[in-house]
Amino acid sequence: MGGFRTVKAWADSEEDGRFWLSFFRKVPASTATIAGQWFDYSTASGVPVPNYYASSPLVAARLDPLNGIFVPAQDTPRWLKKLVVMSAAASVTGTTNQNQALMLLDYLLYYPFIDLDAAGEEQVFDNTLGLDRYTDGVGVQMMMVAQAPTVGGGSYTVKYIGSDDVEYTTGIVYCPAAQPSGALCSAVANAAGISPFLPLNAGVRGVKRVVSFTVNVANGGLAALVLVKSIEMSYAREECRRPTSSPTESYGDAAEIERIRSRAGSRKLEDNAFLGWIGRGVAGSLASAPLVGYIESFWEQ
Amino acid sequence: MGFPSQDALINDVTENGQFQYDIRFKTISTAQVAAFWTNLGVFAGSEPASAYAGTSLTFVPTDDTWADGAFQHGGDVSAMTKHFLYAGANIVAAAGAPWFLMAVDQVGYVPITGADVTGTTGRTITMTPIAATAAKVDRYPNGVGLRAFFSTEVAPTLGGPNMTAFGYKNVAGASKTCPVTVGMAATPVIGAVPHSGAAATRYAPFIPLAAGDTGISDLESFTFSGGTAYGGTGQLVLHLVKPLFGIPLPASGIHQVAEFVNALPNLARIRDGACLQWMLMNTGATTANAPLLAESAHAWG
């Protein structure tokens with residue numbers, strides 16, 4: 001048995017020096033993102049460095065945890081202790097990054113450079129490499145990330161192996177109207193981009209690996225299919241800014257989540273976890289609006 | 001000791017006078033760079049600007065009697081213990097927000113000057129390892145919880161090397177090395193933590209430790225090699241600190257308060273001899289002469 005059995009054991013982590021502070025500052029490019037769509041902050045520049053999903057096309061690959069939000073490896077299990085997130089406005093008048101839902105993910109495995117124009121062709125993935133954490137696939141989700149700007153309006157299906165080792169094919173998944181690089185390409189209907197993850201078949205609890213990808217209606221562009229495990233939700237309520245002309249009030253908010261006290265229990269950070277955020281701008285573009293914050297983690301004795 | 005109950009805390013504060021309220025300030029007299037951490041000890045304020053005097057590569061212990069000036073938190077209280085109850089802070093600046101302010105207890109520092117900044121071969125640090133005695137320098141027994149970071153006292157005029165080795169002893173007295181190569185910024189401004197900023201292999205604010213290590217009892221060595229060697233007459237400082245608490249500051253002029261009684265773990269401890277200092281993370285480029293105001297209250301029992 002691992003974990004922390006008492007509040008004292010939890011608190012002793014800090015007293016015993018078993019803690020680490022991990023900072024991030026990600027700045028989406030100046031290309032506008034679209035209201036309602038989710039955006040993969042791991043692809044943005046800043047700290048840590050941008051992730052381009054750059055490896056052999058259609059071959060399963062893993063990301064280097066050193067290029068995610070850095071939480072040093074330990075000899076004993078690591079746990080999420082605290083999250084602080086703020087979203088700076090792109091300019092002194094910018095407000096479009098407010099009310100932003102955020103999700104911290106562990107990026108497990110990805111299949112890059114899927115051709116979203118190859119209508120009717122089944123693009124089969126090389127699964128020589130598999131999951132090295134959450135290996136039973138339970139809770140593992142699929143998300144599609146644009147690796148290049150797309151035209152939009154397409155649709156596709158995905159064949160995958162569920163956590164029950166059965167092969168499934170998703171229903172038709174639609175792409176939003178258009179996606180800049182880094183945007184998530186999954187919607188519940190054409191031109192409606194509100195779903196971060198691809199819908200799984202009824203009763204399926206997660207994904208072990210992805211078999212193939214078939215474009216039904218050409219969408220344009222390239223994308224990576226990424227297997228992720230969600231770790232935590234947060235919310236940037238108000239953009240951080242101070243106008244230089246009237247009214248010159250300051251605006252801003254820090255979202256803080258403290259595990260145990262403000263959320264039951266904690267979430268384990270697996271070995272080799274690549275941590276990153278996705279965010280959903282509801283008020284407009286997230287372009288050039290830095291997402292900053294820190295993660296405090298504890299590890300067991 | 002400490003506070004066995006809320007009643008005991010209230011009694012110590014209201015009946016026994018075991019309480020102190022403080023307001024500290026600093027003026028960030030040099031403009032900072034976006035995405036960098038800053039050691040605010042180099043700036044004047046309620047404590048004067050520190051010169052970090054001493055012999056290059058020789059550890060200088062610091063406590064609340066440090067000649068450069070330290071936060072006067074009321075002296076020793078042993079066998080009682082002293083704890084922060086809350087803290088708040090704000091910064092007024094045309095640019096730089098949002099920020100993170102972090103309070104640390106600086107156990108000591110190592111001045112790095114001349115050829116020890118520009119050299120590309122290993123540098124050996126002279127330091128008596130932190131032990132578990134009643135001496136103020138041993139206030140974190142065997143260095144438990146201590147972290148290290150570099151800062152800039154005088155900016156090098158060119159360069160940007162990699163720190164390919166960083167040697168230290170852990171709390172068990174075993175010699176260890178930082179598990180990653182750490183990139184150092186070219187010409188970091190005064191105050192800047194050179195291993196911060198938006199670039200690859202910047203691990204800020206603290207130098208990563210080997211897996212399982214919970215602190216640093218001895219700073220042994222470092223090597224700047226690869227990249228471009230620092231040039232000119234720069235001066236760096238290697239700090240040994242215990243992080244105590246952090247406060248997110250969303251925008252200019254917003255006073256943000258962190259409450260520690262109900263946090264978990266709660267009541268960050270101020271050890272006898274603590275040399276309280278400030279670090280700041282700049283999302284944007286903080287404007288020159290930006291004032292920081294920090295308030296705090298602590299009690300002992």
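How many bridges join strand S4 (residues 82-91) of chain B to S13(B), and do these strands run parallel or antiparallel? In this predicted model, the two strands of chain B are joined by four bridges and run antiparallel. Within this pairing, Tyr86(B) stands opposite Glu259(B) of S13(B). Glu259(B) belongs, together with Val257(B), to the uncovered face of strand S13 (residues 256-259) of chain B, whereas Gln256(B) and Ala258(B) make up the covered face. The confidence attached to chain B averages a pLDDT of 96, with 100% of the residues scoring at least 70, and the model as a whole scores ipTM 0.92 and pTM 0.95.

Between the chains, 37 residues of chain A are in contact with 34 residues of chain B. On the side of chain A that touches chain B, two or more residues are given by each of helix H1 (7-15), strand S1 (19-27), strand S3 (45-47), strand S4 (78-87) and strand S16 (291-299) of chain A, and H1(A) provides the largest share, namely four residues. In composition, this side of chain A comprises 21 nonpolar, six polar and 10 charged residues.

The largest nonpolar core has 173 residues, and those with the most contacts inside it are Met142(A), Ala223(A), Leu225(A) and Leu101(B). For Ala223(A), when residues up to four places away in sequence are not counted, the residues touched are Ile114(A), Leu116(A), Met144(A), Val145(A), Ala146(A), Gln147(A) and Cys185(A).

Note on methods:
Residues numbered from 1 in each chain as written. Chains lettered and ligands numbered in written order. Predicted model: local features only at pLDDT ≥ 70, side-chain atom pairs only at ≥ 80, totals over all residues. Contact = placed C-beta atoms within 7 Å. Nonpolar A, V, L, I, M, F, W, Y, C, P; charged D, E, K, R; others polar. pLDDT = per-residue confidence, 0-100. Core = buried A, V, L, I, M, F, W, Y, C linked by C-beta atoms within 7 Å. Buried ≥ 20, exposed ≤ 12 C-beta atoms within 10 Å, placed from the backbone. Pairing = 2+ DSSP bridges.
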